[in-house]
Amino acid sequence: KGNLCRDRVERLNQLGFDWDPRATAWDHMFDGLIAYQKAHGNCDVPNGWKGNPTLGGWCGTQRKDHKGGRLSSDRFRRLEGIGFDFRLGESKKK
């Protein structure tokens, strides 16, 4: 909101403070999806996949958010750029 004085902002930045933890979490999951895609040749992560048990659910959330118009255009482009399939209920289980 811009209420912190400049000195405090600078000190927090020096400590590596995360100003947007939700965006950081999304980026972390996206990185996990990239790793999955590189290893498996697709983005069809099954729910409960042992390599990252929450990644399949996160993928489902991205599909729902896209269908519901809640996925930002930047995130859509990033997902589309790695071959993510947005079709709900049609992703293959592996």
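1. Basis. The model is predicted: local features need pLDDT of at least 70, side-chain atom pairs count only at pLDDT 80 or more, and totals for chains, interfaces and linings use all residues. Residues are numbered from 1 along each chain as its sequence is written, and side-chain values use heavy atoms, with hydrogens and water left out.

2. Helix α2. This helix covers residues 21–40, 20 residues in total. Helices here are DSSP runs of H or I with at least four residues, numbered from the N terminus. From first C-alpha to last, α2 reaches 28 Å, close to the 28 Å expected at 1.5 Å a residue. The expected span is 1.5 Å times one less than the number of residues. Just after α2, Gly41 takes a positive phi of about 80°.

3. Which residues of α2 are buried? They are Trp26, Met29, Phe30, Gly32, Leu33 and Tyr36. They sit on the same side of α2 because they cover an arc of only 160° around the axis; the arc is that of the directions from the helix axis to the C-beta atoms. On the other side, Pro21, His28, Lys38 and Ala39 are exposed. Buried means under 20% relative accessible area, exposed over 50%, and partly exposed in between, with a 1.4 Å probe and protein chains only. The cover over the buried residues of α2 includes α3 (55–67) and α4 (73–81).

4. Gln62. This residue lies in helix α3. Gln62 is buried, at 3% relative accessible area. Not counting residues up to four places away in sequence, Gln62 touches Trp26, Leu71, Leu79, Phe84 and Phe86. Contact means heavy atoms within 4.5 Å. Trp26 is also one of the buried residues of α2.

5. Salt bridges. How many does a search of the whole structure find? There are five. The criterion is a side-chain nitrogen of Lys or Arg within 4 Å of a carboxyl oxygen of Asp or Glu. Three of them follow.

6. Asp27 and Arg78. The closest N and O atoms of this salt bridge are 2.9 Å apart. The pair links distant parts of the chain: Asp27 is in helix α2 and Arg78 in helix α4, 51 residues apart. Asp27 is partly exposed at 31% relative accessibility. Arg78 is partly exposed too, at 29%.

7. Asp7 and Arg11. Here the closest N and O atoms are 3.7 Å apart. The two residues are four apart in helix α1, so about one helical turn separates them. Asp7 is partly exposed at 44%, whereas Arg11 is exposed at 51%.

8. Asp65 and Arg70. This salt bridge has its closest N and O atoms 3.4 Å apart. Arg70 is exposed, with a relative accessible area of 56%.

9. Surface patch. Leu4, Phe17 and Trp19 form a nonpolar patch on the surface, with about 310 Å² of accessible area together. Areas come from the Shrake-Rupley method with a 1.4 Å probe; for residues, only the protein chains shown count as cover. Patches use residues with over 30% relative accessible area and no salt bridge; like charges are joined within 9 Å, nonpolar side chains (Val, Leu, Ile, Met, Phe, Trp, Tyr) within 5 Å. Leu4 is in the segment before α1 (6–14). At 40% relative accessibility, Leu4 is partly exposed.

10. Leu12. This residue is in helix α1. Leu12 is partly exposed, at 24%. Leaving aside neighbours within four places in sequence, Leu12 is in contact with Leu4, Phe17 and Trp19. Leu12 and Gly2 are ten residues apart in sequence and 14 Å apart in space, C-alpha to C-alpha.
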